[in-house]
Amino acid sequence: MDAHREATRAAYDTVASAYANALPDLSYEAPLDRAMITEVVRELPERASLLDAGCGTGRLLAHLREQHPSLRLVGVDLSEGMLAEASRATSDVELARADLAALPFEDARFDAVVAWYSVIHTPTDGLGNIFRELARVSIPGAVILVAFQVGSGERTVRRAYGREVSLTAHLHMPSDVESVLDSVGFQREASLVRAPRATEAHSQAILLARRRLG
Ligand SMILES: C[S@@+](CC[C@H](N)C(=O)[O-])C[C@H]1O[C@@H](n2cnc3c(N)ncnc32)[C@H](O)[C@@H]1O
């Protein structure tokens, strides 16, 4: 694992239990943001297979398990600490530790992929490696949902969830992310870009795209 990924992993191992306490579910998410998650699963058939890419403490997996009991849910994350929290938060979910750019899954395994604030520690020019891998493990026609903070540049986070860390957070422009998605075979279906709430420093983007059939 390269030094940057290792630093991200170490930071999330440090904050894992505090993160799980601070954000136990999706109630922090804006209703519009949650609506995008609802839209992804609305059309999925019974027992569809969904990958939570960068699942963290599993709060999204727990939400999906409750709302859609038949889904076959898989979570993957860099951080053992976050995955340990996820295994407590969810039942009947397969969890794996891996880098999003090198997934331990066969081609065309998933009907849907969600990357909920998990590409925020990767610079925009590194997103191709991640989205190419997410395209590989998605069936043709699969939906992908990607959430991130809007902007450009990066910042170093020294304190998070009450713990000292060293973590780099990257902002992305929605048009850049859309064009990387397009280049690996995901066609844009919808883009939600909303103004920051009082608790947020940046606008938030949630992009919905679909893997091309051909
Ligand atoms: C801000 S948290 C979001 C977690 C979860 N999606 C949520 O909404 O609560 C970012 C997560 O992405 C994971 N992550 C970041 N870069 C990753 C990568 N390259 N491969 C796998 N996981 C990654 C981190 O370990 C962390 O758990």
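A definition comes first: on a 1 Å grid over the protein atoms alone, a cavity is a set of points where a 1.4 Å probe fits but cannot get out, whereas a pocket is an open set with protein on both sides within 12 Å along at least five of seven lines. A molecule sits in a cavity or pocket if more than half of its atoms lie within 2 Å of its grid points. In those terms, the space taken by the ligand is the largest pocket.

Some remarks on provenance. This is a predicted model, in which local features need pLDDT of at least 70 and side-chain atom pairs count only at pLDDT 80 or more, while totals for chains, interfaces and linings use all residues. Residues are numbered from 1 along each chain as its sequence is written, and side-chain values use heavy atoms, with hydrogens and water left out.

Around the ligand there are 19 residues, where a residue counts as near if one of its heavy atoms lies within 4 Å. The closest are Tyr19, Gly54, Arg59, Asp77 and Trp116. Helix α1, residues 3–22, gives the most to this shell, with four residues; helices here are DSSP runs of H or I, at least four residues, and strands are runs of E, at least two, numbered from the N terminus.

For Leu100, a polar backbone atom is 2.9 Å from a nitrogen of the ligand. Taken alone, the ligand exposes 600 Å², of which the protein buries 97%; accessible areas come from the Shrake-Rupley method with a 1.4 Å probe.

Arg5 leads us to Thr122. The side chains of Thr122 and Arg5 make a polar contact at 3.4 Å, that is, a pair of N or O atoms within 3.5 Å, one able to donate a hydrogen and the other to accept it; residues adjacent in sequence count only if both atoms are side-chain atoms. Thr122 is found in the loop between β4 (110–116) and α5 (127–136).

Finally, Arg65, in helix α3 (residues 59–67). Its side chain reaches the backbone oxygen of Pro69 at 2.8 Å and that of Ser91 at 3.4 Å.

How values were computed: 1 Å grid on protein atoms, 1.4 Å probe; cavity = no way out; pocket = protein on both sides within 12 Å on 5 of 7 lines; lining within 4 Å.
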